[in-house]
Amino acid sequence: GEMVLESILEKSGLQEGQEYFLQLTNDERGTSLRDEEGHKLRPDVVVKYPDGRCVVVDSKVSLTAFIEYANADNEKITADASARHLKSVRSHIDELARKNYQQYIGESRLDFVMMFIPNEPAYIAAMRLDPGLWQEAYDRKVLIVSPTHLVSGLRLIEQLWSRDKVTKNAIKIAEDAGKMYDKFADFTKDMDRISTALNNATKAHSDAMTKLSSGTGNLKKRAEDLKALGIKATKQLAASLRDSADE
């Protein structure tokens, strides 16, 4: 039963250790799972929902009586095996109802535990032999499921996880886009400040050049006059100033 259960889980699209857990013995805080009387709990599988709820799936169902029932070749053996098959199923329902896993597993709990019968014909036989068995178990917060039911249920849970991931990705994209826009807004402000600084520098340069080479008694003319008087100088003015002088 556990092998069938694990095979279904592996094909469900859920990730072990994140969305489902095998043979769980500790809760999310690392505390040992125990019931009110202190007995240790170790459910076969715990499947987690995106909202934090957890459902326990238990597969410890004996199929010995069912195999005898399926292979019976006379009415007496059939009747005896069918009675033992129902007794075996009821015994496991009673065990799960008493363990009350759903009260101790997960912070946000569901109000039922799944009892997995790993053989479809065995499930059908039990339901046919006692049509009220499923409701009887459900009233005790035990949901009897066959492989077909479990595949469908896990598929729905996997879709919930997929939608949750899409939603979280959309939120993250929106947050990242907002942060990027804020960065871009700061960048445009920096560019405005740089543009203003460049314009101011250009104006200051223009004003300085005007003082240097324009107007009566400008610095360039005075320098050239001094040179003409025979001062000792080994260097020449910048080409741009000489060119403006030639003009």
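**Strand pairing, nonpolar cores and a helix contact**

In the hairpin formed by E2 and E3, four residues lie between the strands, and glycine 52 adopts a positive phi near 100°. The model is predicted, so that local features need pLDDT of at least 70 and side-chain atom pairs count only at pLDDT 80 or more, whereas totals for chains, interfaces and linings use all residues. Residues are numbered from 1 along each chain as its sequence is written, and side-chain values use heavy atoms, with hydrogens and water left out.

Strands (E, at least two residues) and helices (H or I, at least four) are DSSP runs, numbered from the N terminus; two strands pair if DSSP finds at least two bridges between them. Strand E2 (residues 45-48) runs antiparallel to E3 and is joined to E3 by four bridges, with valine 47 opposite valine 55. E3 and E5 run parallel, joined by two bridges, and valine 57 stands opposite methionine 114. Five of the six residues of E3 are buried, that is, under 20% relative accessible area (1.4 Å probe, protein chains only).

A nonpolar core is a set of buried Ala, Val, Leu, Ile, Met, Phe, Trp, Tyr and Cys residues joined through side-chain atoms within 4.5 Å. The largest has 27 residues, and Ile144 is among those with the most contacts inside it. Elements supplying at least two residues of this core include E3 (53-58) and E5 (113-116). Apart from it lies another core of 20 residues, including Leu5, Val55, Val57 and Phe116.

Key:
Buried means under 20% relative accessible area, exposed over 50%, partly exposed in between (1.4 Å probe, protein chains only).
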